[in-house]
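I opened this entry to record what I looked up on nonpolar cores, aromatic rings and strand pairing. The notes follow the order in which I went through the model.

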Amino acid sequence: MALLTSLLPSFVREPAVTEAETDTIRPLYQVQELEDAYKVTTQLPGVTKERLTITDEDGTLTIRGERSWKQPSEWSPVYRETAQSAFALSLYHDNVIDADKAQAELKDGVLTLSLPKSEARKPRKIAIG
Amino acid sequence: MRYVRYTYPVARTAYTAGRTVWDGLDHEVNRLFQTVATSLGSNSAFPVDVYNDKENVFVRAELPGVDREALNVEITDDQLTISASRKDPANADSTAESLSRTITVPEPVQGEKVTAVYQDGVLTVTLPKVEAVKPRKVSVTVN
């Protein structure tokens with residue numbers, strides 16, 4: 001067997017990581033650049049304010065939201081298309097935004113994030129002395 | 001009648017080191033088909049769940065950010081139609097995109113008693129089932 005596996009390495013190869021194995025769903029989102037800010041609109045149906053976390057670390061903004069609705073025990077599913085998995089979205093921004101001044105609003109399952117551009121990255125005129 | 005199942009847009013994993021050439025090819029092929037699938041389905045479709053309990057049939061539809069006034073639920077016989085419209089958040093002047101889906105209700109329901117609630121971007125429609133015809137005892141007096 002050892003000879004066989006050495007001849008055919010695919011026998012011992014780990015299965016490729018498939019997207020189906022991830023336990024979170026990437027929500028539909030849209031990023032829009034305004035004059036002094038970026039606007040991120042994310043669709044998070046069934047997510048309430050209490051179950052939504054937005055974190056900013058090392059130049060990556062992460063949005064994670066869990067559905068608050070639980071199926072009552074007496075209900076039995078007939079046909080299902082939605083998943084119970086949490087929504088997760090990571091956006092890499094390389095510190096072009098000022099996370100301290102970020103504003104978020106959640107309404108009817110739509111999260112609107114306003115991320116002001118950081119002062120350091122704004123274009124400035126350099127005077128010639 | 002054709003069912004078009006809604007599929008969630010799947011997270012695209014970044015190409016990571018340690019994978020073989022073939023994994024990359026697989027990934028590209030999957031990505032190609034995904035692009036086709038999502039571009040057809042994501043605009044007008046939305047996911048719907050159907051549940052059942054002793055007295056009611058429940059339909060839950062994920063409709064984030066739709067206009068409440070334009071949210072419409074109609075029932076004719078066993079066909080439930082949910083229609084809604086949504087404005088593009090990036091462009092307030094654009095025409096709203098309309099969303100619509102028709103599903104077959106699995107059991108006979110009382111159409112006039114249907115109620116709907118829209119909360120947190122999820123529409124829940126409650127359809128009371130038709131009460132089962134109870135057997136009645138008729139006593140006949142024989143002369």
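Working from a predicted model, I began with the largest nonpolar core, which has 21 residues, and I noted that V59(B), L63(B), L80(B), I82(B) and L127(B) are those with the most contacts inside it. I then asked which strands supply this core, and found that β1, β2, β4 (79-86), β5 (97-104) and β7 (122-128) of chain B each contribute at least two residues. Taking L63(B) from that list, I looked up its contacts beyond four places in sequence, and they include F46(B), L71(B), I82(B), A84(B), L99(B) and L123(B), along with R86(B), Y118(B) and G121(B). A second, separate core has 14 residues, among them V40(A), L89(A), L111(A) and L115(A).

Next I turned to the aromatic rings, and counted 4 aromatic pairs over all chains.

W75(A) has another partner in F58(B), and here the rings are stacked, at 3.6 Å centre to centre with 10° between the planes. Since F58(B) lies in strand β2 (residues 56-62) of chain B and W75(A) in the loop between β5 and β6 of chain A, this pair also joins two chains. F58(B) is buried, as W75(A) is. Stepping back, I saw that ring pairs link W69(A), W75(A), Y51(B) and F58(B) into a cluster.

I then looked for charges over rings, and found the charged end of R60(B) over the ring of W69(A), a member of that cluster, at 3.4 Å from the ring centre. Within chain A, the charged end of K117(A) sits over the ring of Y38(A), 5.2 Å from its centre.

Last, I followed the strand pairing in chain A. Strand β2 (residues 29-33) and strand β3 (residues 37-43) run antiparallel and are joined by 5 bridges, with Q32(A) opposite K39(A) and a hairpin of 3 residues connecting the two strands. On β3(A) I also recorded 7 bridges to strand β9 (residues 110-116), again antiparallel, where T41(A) stands opposite T112(A).

Conventions
Residues numbered from 1 in each chain as written. Chains lettered and ligands numbered in written order. Predicted model: local features only at pLDDT ≥ 70, side-chain atom pairs only at ≥ 80, totals over all residues. Heavy atoms only, no water. Phe/Tyr/Trp six-rings, centres within 6.5 Å; stacked < 30°, edge-to-face > 60°. Helix = DSSP H or I, 4+ residues; strand = E, 2+ residues; numbered from the N terminus. Buried < 20%, exposed > 50% of the residue type's maximum accessible area, 1.4 Å probe, protein only. Lys NZ or Arg CZ within 6 Å of the ring centre and 35° of its normal. Core = buried A, V, L, I, M, F, W, Y, C linked by side-chain atoms within 4.5 Å. Contact = heavy atoms within 4.5 Å. Pairing = 2+ DSSP bridges.
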